[in-house]
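Thanks for coming, everyone. I'll keep this short. Please have a look at the model first.

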Amino acid sequence: MATETIPAPSDSELAAKLLRAAGALAVSIRAKGLQELQAGRQIKANAADFATAADLAAEKFLYEQLRLARPEDSILGEEGAGFEGSSGRVWVVDPVDGTFNFASGSTYWCSALALVTGVSGVDLRSTAVNFAHAEVLLGAIYQPEEEKMWMGGSQHQATCNGQLISVDSRQQVGELAAGSYIHPGWLADPRAAVPWQRAAVLPATLRMLGSGSCDLARVGQGELGVWFQHSCPSWDWLPGKGVVEAAGGDTAVVPVNGLEWFVAGPAGAVAELKAALEQGAVPA
């Protein structure tokens, strides 16, 4: 008697399963206590950029599971996990996006990943600048403590918990809420401060919530109108880029003063912000 073959999970099914498990793992580690979590953090660039035991454990889990489920695909993780595959596809993994929020007890954080193609021949440890125009086959963002799963990409409709979503239909920045982030240290540097201010004065209101992927997911569903930030690494940009583009939005990468600015939202609003950022060029 023939044995029935169980079909392998699709990329979206795999992504959803892994992100739910990674998010639950991070929550379980944090439940041991915020003081213990913060005491064990590993500082990276500055006091607001660090990794906790939960970041490292969740990334290890995602890496190991992806190696088993998609052995030919490459992997790039925020916390250092990496594998060079042969398929031409890359899984870009962010185990905990919004780590400062996560380690402070906030619910505004997520586990996220993107499956991209079109990045062959580039350094898998490079920043999102080199991945900015990659095709996002699938972006997936899971916010565990709000039980929300966003998905979208060139091979997946834009959804939140399985329901179709779309970006805000309004095109003018002045009618929209904008999400953004700029580290306080950059406010003293005209290269970033001048273009950021040019853009930041345009929206109806401004939000700085602490998780780029959570922000971009909400642009995809129209809860936030538009979003902009400079120097986004691959893991902070690509999952949300996939969702926003699948939701009918536009994205752009704008070079100004030697920095790359990442913008997402309705096409008209993206064009306005792009122009404002470019007007912030300062003499070298």
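Which backbone oxygen lies 3.2 Å from a polar atom of the side chain of Thr99? The backbone oxygen of Val96 does. Before I go on, remember that this is a predicted model.

Let me stay with Thr99. Thr99 sits in helix α4, which covers residues 99-103. Is Thr99 buried or exposed? Thr99 has a relative accessible area of 10%, so it counts as buried.

The side chain of Thr99 has another partner. A polar contact of 2.8 Å joins it to the side chain of Asp55. Asp55 belongs to helix α3. Its relative accessibility is 0%, so Asp55 counts as buried too. What else does Asp55 touch, leaving out residues up to four places away in sequence? The list is Glu79, Pro95, Val96 and Thr99.

Helix α1, residues 11-30, packs with helix α3, residues 53-69. The axes are 9 Å apart, and the angle is about 155°. Why call the pair roughly antiparallel? Angles over 145 degrees count as roughly antiparallel, and therefore α1 and α3 are described that way. The crossing of α1 past α3 is right-handed.

Who makes that contact? On the α1 side, the residues include Leu14, Leu18, Leu25 and Ile29. On the α3 side, they include Ala57, Phe61, Leu62 and Gln65.

Let me step back to the whole protein. How many helices and strands are there? There are eight helices and 15 strands. The protein has 284 residues, and 51% of them count as buried. Take contacts between residues at least 6 apart in sequence: 64% of these join residues at least 24 apart.

Start with Gln171. It lies in the loop between β10 and β11. Gln171 and Gly265 are 94 residues apart along the chain, yet their C-alpha atoms are separated by 8.7 Å. Which residues is Gln171 in contact with, once neighbours within four places are set aside? They are Pro266, Ala267, Gly268, Ala269 and Glu272. The Gln171 side chain also reaches the backbone oxygen of Ser169, at 3.3 Å. At a relative accessible area of 37%, Gln171 is partly exposed.

The second example is Glu245, in helix α7. Glu245 and Gly153 are 92 residues apart in sequence, and 6.9 Å apart in space, C-alpha to C-alpha. Glu245 counts as partly exposed, at 32% relative accessibility.

Last topic: backbone angles. Ser231 is not a glycine, yet its phi is positive, near 60°. Where is Ser231? It lies in the loop between β13 and α7. Ser231 counts as partly exposed, at 37% relative accessibility.

Asn257 also has a positive phi, about 55°, and is not a glycine. Asn257 lies in the loop between β14 and β15. Is Asn257 buried or exposed? Its relative accessible area is 19%. Buried means under 20%, so Asn257 is buried.

That's it from me.

Terms used. Residues numbered from 1 in each chain as written. Predicted model: local features only at pLDDT ≥ 70, side-chain atom pairs only at ≥ 80, totals over all residues. Heavy atoms only, no water. Helix = DSSP H or I, 4+ residues; strand = E, 2+ residues; numbered from the N terminus. Buried < 20%, exposed > 50% of the residue type's maximum accessible area, 1.4 Å probe, protein only. Contact = heavy atoms within 4.5 Å. Polar contact = N/O pair within 3.5 Å; in protein donor to acceptor, adjacent residues only side chain to side chain. Axes fitted to C-alpha atoms, helices over the stretch in contact; angles between N-to-C directions. Parallel < 35°, antiparallel > 145°, perpendicular 65-115°, else oblique. Left-handed = near helix turned anticlockwise from the far one by under 90°.
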